[in-house]
Amino acid sequence: SYACIHVAGTNGKGSVCHMIGSVLQASGLRTGLYTSPHLLDFRERIRINGQAIPEEEVLSFVAGNQEIIREIKPSFFEMTVAMAFDYFSRQQVDVAVIETGLGGRLDSTNIITPVLSIITNISLDHTEFLGSDLPSIAREKGGIIKEGIPLVIGRAHESSEAVLLGMARERKAPYVCANRVYQAQFRTLNLDGSTRLSFSKKGTPEHHSITCDLNGAYQDENILTAFAALEELQKLGWNISEAHMEEGFASVAASTGIRGRWQTLGHNPRSICDTAHNVDGIAAVVRQIREIPWKRLHMVWGMVNDKDLDRIFPLLPEEASYYFTRASVPRALDENVLAQGGREYGLKGRTYPGVGQAYRAAMKEAGEHDMIFTGGSTFVVADLLNEIF
């Protein structure tokens, strides 16, 4: 009963969903947005034009479907997907931007036939479910590619690109690779804290500039992916103007409520948090930390227990003071185990049983010219935002 845009990928899919959702809202469409996980409130996962699903809608869906829930015993994620699709239908959205959970092929969102499929990038994460190498993960994510439906790929390594393009050709899905079409040239910081990215279309004189309120250098890739996707929608006849693009990209956080992406929490000391939690994402965040001037660096750091620490620890800055902690979820890695592993890679610091405690200790230690970074897990950022807000 409504058009869908389906987004998979290892990193950036949440940001890309929110960017596209914001532009579609700006174009006047009633826009559903299904993303996961949430940070502060379950209802963040299901939004229409930026407004979270009301509590009574959540309660009535669960109460009204008790019989089938008992019968088929859906997972938490499956039930949430059903709730979102039902809510969007009853609220008569024009379009819904749907983010996959872990993979794609077997993801419960994959019952849809979208107007456009997007795969942001492929890197190693959730290897216990998706496979231990890039081609295997690409096959799982590529499971969202549908017969004859256009595909946008954000960035692909040679091995994963070969898999995705092979699947697209097999399914006669026209495709475009954003990083082969567009090239980021430079980014500048505006007075209001937003970023302006200048980029060109390779092999042409065509040039674009986009202001986006989501900071973080890694958003450059996501902006190009979202822009390429929106251009595909224009080709399909969607009324998305340059003004809609400008307005939508400039107000992603305000329009959709996204949080935790290179989010500034305070100044003097500068305090930043980010939900990056795998090798590719953490490498991008650390690159940006190193681009920023600071006197001393304080890292409030926690992770979940399924991550490859031997690939992540070498990425982290040795010169930082660490405040090893654990988020308030069962999957959180014990802070003492984390600290022990960190010590083997020259990372020194203390342990704290809760994120709030660790963050307060960092604030106490930090001088006004220092930087505090909080991350390692979505759940660590969620606990911190809960503490602050």
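Gln-92 is exposed, with a relative accessible area of 63%. Exposed here is over 50% relative accessible area, buried is under 20%, and partly exposed is in between, using a 1.4 Å probe and protein chains only. Gln-92 sits in the loop between helix H4 (76-90) and strand S5 (95-99). Helices (H or I, at least four residues) and strands (E, at least two) are DSSP runs, numbered from the N terminus. Phi of Gln-92 is near 55°, a positive value in a residue other than glycine.

A word on the source. This is a predicted model, in which local features need pLDDT of at least 70 and side-chain atom pairs count only at pLDDT 80 or more, while totals for chains, interfaces and linings use all residues. Residues are numbered from 1 along each chain as its sequence is written, and side-chain values use heavy atoms, with hydrogens and water left out.

Back to the backbone. Asn-49 also has a positive phi, near 45°, and is not a glycine. Asn-49 lies in the loop between S3 and strand S4 (51-52). With a relative accessible area of 30%, Asn-49 is partly exposed. Most residues other than glycine have a negative phi, and most peptide bonds are trans.

Which residues are joined by a cis peptide bond with omega of about -5°? They are Ser-36 and Pro-37. Pro-37 is placed in the loop between strand S2 (31-34) and strand S3 (46-48). Another cis peptide bond joins Asn-268 and Pro-269, with omega about 5°. Pro-269 is in the loop between S12 and S13.

On a 1 Å grid over the protein atoms alone, a pocket is an open set of points where a 1.4 Å probe fits, with protein on both sides within 12 Å along at least five of seven lines; lining residues have an atom within 4 Å of a point. The second largest pocket holds about 610 Å³ of space. That volume is the space filled by probe spheres set on the grid points, which are joined across faces, edges and corners. There are 28 lining residues, and those nearest the centre of the pocket are Leu-189, Gly-193, Asn-215, Trp-262 and Thr-264.

Where does the lining come from? Strand S9 (182-189), strand S12 (263-266), strand S13 (270-273) and helix H12 (279-291) each supply at least two residues. S9 gives the largest share, 3 residues. By class, the lining has 9 nonpolar, 12 polar and 7 charged residues. In this count Ala, Val, Leu, Ile, Met, Phe, Trp, Tyr, Cys and Pro are nonpolar, Asp, Glu, Lys and Arg are charged, and the others, Gly among them, are polar.

Gln-263 is in strand S12. Is Gln-263 buried or exposed? Gln-263 is buried, at a relative accessible area of 16%. A polar atom of the Gln-263 side chain lies 2.7 Å from the backbone nitrogen of Gly-260. Such a polar contact is a pair of N or O atoms within 3.5 Å; within protein, one must be able to donate a hydrogen and the other to accept it, and residues adjacent in sequence count only if both atoms are side-chain atoms. Beyond four places in sequence, Gln-263 is in contact (heavy atoms within 4.5 Å) with Ser-271, Ile-272, Cys-273, Leu-385 and Phe-389.

Next, Thr-256, in helix H11 (residues 252-256). Thr-256 is buried, with a relative accessible area of 1%. Its side chain has a polar atom 2.7 Å from the backbone oxygen of Val-252, and the backbone nitrogen of Ile-258 lies 3.5 Å from a polar atom of that side chain. Leaving out residues up to four places away in sequence, Thr-256 touches His-18, Ser-22, Gln-25, Leu-33, Arg-47 and Gly-50.

Asn-222 belongs to helix H9 (residues 219-235). Asn-222 is buried too, with a relative accessible area of 4%.

Last, the cysteines. How many disulfides does the structure hold? It holds 0, a disulfide being a pair of cysteine sulfur atoms within 2.5 Å. Cys-4 is in no disulfide, and the nearest cysteine sulfur, that of Cys-17, is 11 Å away. Cys-4 counts as buried at 6% relative accessibility. Cys-177 is buried, with a relative accessible area of 8%.
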